[in-house]
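My entries follow in the order in which I checked them.

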Amino acid sequence: MELCSFLTLDSFITDPLTHDFMRKALLMSSLVAAVCGFLSSYLTLKGWALMGDAVSHSVMPGVVVAYALGLPFSLGAFIFGVGSVALIGFIKQKSRVKEDTVIGLVFTGFFALGIVLVSKIKSNIDLHSILFGSPLGISLSDVKQTIFISLLVVILLLIFRKDLMLYCFDPRHAKTVGINVFFLHYLLLTCLSLAAVVGLQSVGIILVVAMLITPGATAYLLTDKFDNMTVISVLSAIISSLIGIYVSFWFDLETGGSIVLAQTFIFLFAFLFAPRYGIFKLKKLISGYK
Amino acid sequence: MESINYQNFRIDAENICVDYNGKVALYDANLRLKPGQICGLVGMNGAGKTTFFNALTGFVNISKGKIRINGESVRSAQKDQTIAYVPQNEGIDSQFPISVWDVVMMGRYGSMNIFRSPRESDVQAVKDAIERVDLTDHLSTPIGNLSGGQRKRTFLARAIAQRASILLLDEPFSGVDIRTEKLISELFIQFKNEGKTILLSTHDMIHVREFCDLVLLINKTVVAYGETSEVFTPENITTTFGGISPDFLFGPES
């Protein structure tokens with residue numbers, strides 16, 4: 001069948017590039033992966049994996065409402081993303097319920113609201129593409145939005161990258177020397193919401209959290225330098241996106257799932273063979289026993 | 001009564017209270033420290049030692065009372081980087097991918113531009129600070145690869161690089177080797193001569209007698225405060241630790 005057409009590696013890579021939608025998908029997904037990968041270094045070090053999960057699920061009703069009202073869906077998603085975090089903070093402070101429980105109940109509540117809204121609001125919203133992503137069917141206006149948001153997040157992270165690192169590492173010291181910790185907290189949350197918005201186009205709401213934590217976790221196993229960690233995280237995210245899209249093209253698989261699965265495999269590889277922190281410590285295997 | 005010149009005090013905390021969501025962590029606490037004084041902060045776990053530090057650095061807000069740092073507000077002390085906080089080893093993520101150099105450089109962040117790009121003077125301050133704590137051989141070592149004592153010295157170097165006039169140290173002697181302990185005690189003498197004010201919390205009673213001019217015994221509020229020789233009595237210590245005899249805490253006195 002079509003499998004025989006990629007007998008050579010060359011055609012495996014170049015054939016999909018003849019399709020306009022594939023070129024767009026590869027470019028957009030790489031951009032989104034880079035943004036999420038960059039942010040993921042901070043989230044994994046800050047211990048915000050669950051927060052990432054919460055925000056990414058909570059944007060669902062925002063996306064639906066924005067579509068229904070004809071607003072940019074990123075606006076709706078952003079409002080509900082930040083709103084969910086505010087609500088989590090409020091309930092945690094005003095009740096005796098533990099934080100992880102509050103996070104779990106708030107984001108599932110928002111998510112359920114989104115699903116109910118989709119079933120009620122008759123429009124051209126495709127539930128499947130929100131839940132599982134549709135990198136192959138990105139519209140031109142979505143492309144513009146994605147590029148704008150991605151650049152915004154990257155610029156913010158580049159400007160405040162050292163402050164955010166300090167905030168993740170030692171917020172008390174940051175506060176002591178007069179750095180605005182409150183601002184940094186909300187900056188990181190804002191970037192998280194925005195990254196979730198662009199990420200959901202690639203892999204969908206359910207899996208976007210993987211884009212936000214897996215590359216960072218992989219990089220964390222491979223280096224002891226923060227700057228290297230961000231670079232590795234971004235690269236592994238981009239490579240996973242490319243692999244995922246190619247594999248999904250040739251084998252006719254769900255694209256979002258393929259991208260995340262590629263990230264998971266890269267993580268497992270690092271988990272097993274990372275030079276210092278892997279189970280088998282590749283360095284030792286190569287150089288022999290010291 | 002003669003009027004008090006607040007400028008004379010490095011730290012002046014007056015009747016401060018801190019509560020977390022209605023739960024009182026510290027109440028009616030007072031502390032006055034002058035330049036060159038070393039004060040020990042002694043109390044049980046949960047007695048409010050960390051809360052006291054947090055109030056002084058502005059990390060938590062006080063619900064009552066007043067804090068003046070060099071006669072000014074906590075906010076302006078933050079802007080001037082007057083206070084340096086040296087955390088407990090347990091208080092930091094030792095697996096964070098960051099080197100000794102980067103941690104010490106964080107001491108300079110407060111006075112840098114928005115991108116935190118180091119100037120020549122910042123680089124020099126960091127180099128000097130690292131030399132003073134004897135870690136020059138470990139400039140680029142990730143903090144995860146350091147011993148407990150080396151990690152403690154890294155954070156001391158950060159406080160030195162910050163050029164703070166007040167040092168708050170949370171359990172500076174816990175989990176450190178003898179070499180580090182000796183180095184820290186030498187640094188204390190130097191800091192004192194430079195006119196820095198030091199407030200340190202400790203579980204080790206011997207260190208209080210050895211280093212501290214003053215001692216502040218707390219149990220949610222001040223149990224006793226004053227010259228170590230006068231205040232650090234078995235009776236006061238017993239009260240601070242909720243009735244446990246000092247013999248149990250230090251072992252029988254010889």
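I looked up strand β3 (residues 38-42) of chain B and found that strand β3 pairs in the parallel sense with strand β7 (residues 197-201) of chain B over 4 bridges. Strands here are DSSP runs of E of at least two residues, helices are runs of H or I of at least four, and both are numbered from the N terminus. Two strands count as paired if DSSP finds at least two bridges between them. The bridge partner of B:Cys39 in β7(B) is B:Leu199.

I note that this is a predicted model, in which local features need pLDDT of at least 70, side-chain atom pairs count only at pLDDT 80 or more, and totals for chains, interfaces and linings use all residues. Residues are numbered from 1 along each chain as its sequence is written, and chains are lettered from A and ligands numbered from 1 in the order in which they are written.

Next I traced the sheet. The strand order in chain B is β5-β6-β7-β3-β8-β9, an open sheet of 6 strands with mixed pairing. β5 and β9 (222-227) of chain B are at the edges with a single partner strand each, so one side of each has no neighbour in the sheet. Neighbouring strands are turned by 15° against each other on average, direction ignored.

β5(B) pairs with strand β6 (residues 166-170) of chain B in the parallel sense over 4 bridges, and B:Ala84 has B:Leu167 as its bridge partner in β6(B). In a regular strand the side chains alternate between the two faces of the sheet. In β5 (residues 83-86) of chain B, B:Ile83 and B:Tyr85 point one way and B:Ala84 and B:Val86 the other, and all are buried (20 or more other C-beta atoms within 10 Å of the residue's own, C-beta atoms being placed from the backbone).

In chain A I checked one helix pair. The axes of α3 (residues 49-69) and α5 (residues 99-120) of chain A come within 8 Å and cross at roughly 25°. Axes are lines fitted to C-alpha atoms, for helices over the stretch in contact, and angles run from 0 to 180 degrees between N-to-C directions. α3(A) and α5(A) are therefore roughly parallel (angles under 35 degrees).

Last, I looked up the chain contact: 21 residues of chain A are in contact with 26 residues of chain B (C-beta atoms, placed from the backbone, within 7 Å). α8 (161-169), α9 (171-176) and α11 (226-251) of chain A each give two or more residues to the side that touches chain B.

Conventions
Two residues are in contact if their C-beta atoms, placed from the backbone, lie within 7 Å. A residue is buried if 20 or more other C-beta atoms lie within 10 Å of its own, exposed if 12 or fewer, and partly exposed in between; C-beta atoms are placed from the backbone. Angles under 35 degrees count as roughly parallel, over 145 as roughly antiparallel, 65 to 115 as roughly perpendicular and the rest as oblique.
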